[in-house]
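Please have the sequence and the model open as I speak.

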Amino acid sequence: MSKQSPKLYIQDVTYKIALFLIVCSAFNWGCAAKWNSKGVDLPYSTINPQTIQLDLPAEDDRAGGLITADVDDDGKKDFIITKPGQIAVYTYSGQKLWGREINLQVTGKSEYQGLPGLHGSGVQAADVDGDQKTEVLFLTKDNTLHIVQGDNGQSKGSIKIESPPGTERWEHLVVANFRGKGDRDLLLQATNAEGYRRGRYLAAYPLDNLLKGENLEPLWTRDDFLANAHNGARVADLDGDGKDEVLGGTIISPLGELLVRIPVKGHIDSLFVADVRPDIPGLEVVALEENGGNRVFLYNRDRVIWKTHYKHQEPQNAAIGDFDPQRPGLEVWCRSRYPKHQKPFVFDAQGQLIADYQMDDVAPKGWTDKGVEVIFSIDWTGELRQLVAVKERHKSGDVGIFDALSGEFLHRFKEQADRLYVADVSGDWREEVMVLNGNQLHIYSNPEPNPNLDLPRLWTQNHYRRSKMTWNYYSP
């Protein structure tokens, strides 16, 4: 082999070193969000929110919440906001429609105070009597159901409904369709009055009977519902037959029959409903287990489809969405429980791990090391890929939007967020970010053009509409 001259050798080495540095630089640039531990330089968003000044007290230990519905039937979404002892309704333009001081059933930690739990609004809105006008329904702490007109808050009826022995009162309500007649039924839920409280008690009522004040017998009752430990039951039409099932660790049919019970060894922390597996008819439920294996379950009204875990680390919160449109079905993003230095991990629709990372490595500079909370999937861009919206954990702090698979933050809103809520309120089917900041409501909309304006609004989906009215801190 011929020897290389010193000059050529030096040139060759210099070239290789330069090439190596270029490759490394390119790699680092493309992966900056993963390599910059607690130093991701993300400037605050320049999007100016719409601001609505609220005639309500400021933060009060995380009791009460926010939902959106068209309560005055003008085709635009309005806002129902609750605090302990307070309920107020505002239009999208900021006009206050009505407010009321009343001993509303809202709570902090449900395992000690009962439902609806942290950030739970304790209200429902629907046309429950067929008059083509929206009613607002809520419970008060004297075991009374109130039904009022959505546009002015005037009473249409109040009915005292006794809760089962062993309970303190009815605590959680959900408008439902159990008989195939539309939003004409009501699910009530209560926890045990003593010890660690879980919502094992259910009762389903026809609302027409309640409004008439006659024949207050329920359609069915149960005292063995495997409920979430921290939030109330949800309902959704899983099989597309026009009637709602009741969703928890047990799936209850519209007739009150037990359909499925997942093999939980600990307890359920949070629960979601979505079409995770489009190859399987109907919708699926995702539930997260604390203790007993710390597993993630996917199931429907027929069976458990899969269960999985990430090194048996507790998946305390989740977001379900189409985070990778190249993969079939939806993905399940989970967040570990650690007091600090959270570790997100993501499963595909088959239950296979496809991503994991440290939140410290991707969070914007100055973000709390306690991580994120109140975690919503969000249709923000109008593209197929969904993102995740969150607030800073355990503080009234900033709000961010990030990519679920990489953790890369795309937007950071400078806030003092007490509540975070995500829903389509502007009307172009994309979703807005809503923040309760003290006694103000801030609404962030994407100012970029929507590339898919012809898609139907998300509110046309039964499970979307139901979930946006029954969310709380653990199950947005």
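Let me begin with a definition: on a 1 Å grid over the protein atoms alone, a cavity is a set of points where a 1.4 Å probe fits but cannot get out, whereas a pocket is an open set with protein on both sides within 12 Å along at least five of seven lines, and lining residues have an atom within 4 Å of a point. Grid points are joined across faces, edges and corners, and a volume is the space filled by probe spheres set on the points. This is a predicted model, in which local features need pLDDT of at least 70 and side-chain atom pairs count only at pLDDT 80 or more, while totals for chains, interfaces and linings use all residues. Residues are numbered from 1 along each chain as its sequence is written, and side-chain values use heavy atoms, with hydrogens and water left out.

The structure has two cavities of 30 Å³ or more, and the largest cavity holds about 100 Å³ of space. It is lined by 15 residues, and Pro116, Gly122, His172, Met469 and Thr470 are the closest to its centre. Strand 6 (123–126) and strand 10 (172–176) are the elements that give two or more residues to this lining; helices (H or I, at least four residues) and strands (E, at least two) are DSSP runs, numbered from the N terminus. By class, the lining of the largest cavity has five nonpolar residues, nine polar and one charged. In this scheme Ala, Val, Leu, Ile, Met, Phe, Trp, Tyr, Cys and Pro count as nonpolar, Asp, Glu, Lys and Arg as charged, and the others, Gly among them, as polar.

The second largest cavity holds about 30 Å³. Among the residues that line it are Lys109, Glu111, His230 and Tyr474.

Next, the open space. The largest pocket has about 830 Å³ and a lining of 35 residues, with Asp379, Gln386, Leu458, Gln461 and His463 nearest its centre. At least two lining residues come from each of strand 18, strand 22 (315–321), strand 26 (372–378) and helix 6 (462–469). The lining of this pocket divides into 18 nonpolar, nine polar and eight charged residues.

Why is strand 18 (residues 267–274) described as largely enclosed by the rest of the structure? The reason is that eight of its eight residues are buried, where buried means under 20% relative accessible area, exposed over 50%, and partly exposed in between (1.4 Å probe, protein chains only). Strand 18 pairs with strand 19 (residues 284–290) in the antiparallel sense over seven bridges; two strands pair if DSSP finds at least two bridges between them. Within strand 18 sits Ser270, which stands opposite Leu288 in strand 19. Ser270 has a relative accessible area of 0%, and a polar atom of its side chain lies 3.5 Å from the backbone oxygen of Gln316.

Is Glu245 buried or exposed? Glu245 is buried, at a relative accessible area of 0%. The side chain of Glu245 makes a polar contact with that of Arg301 at 3.3 Å; such a contact is a pair of N or O atoms within 3.5 Å, where, within protein, one must be able to donate a hydrogen and the other to accept it, and residues adjacent in sequence count only if both atoms are side-chain atoms. A polar atom of the Glu245 side chain also lies 2.8 Å from the backbone nitrogen of Leu238.
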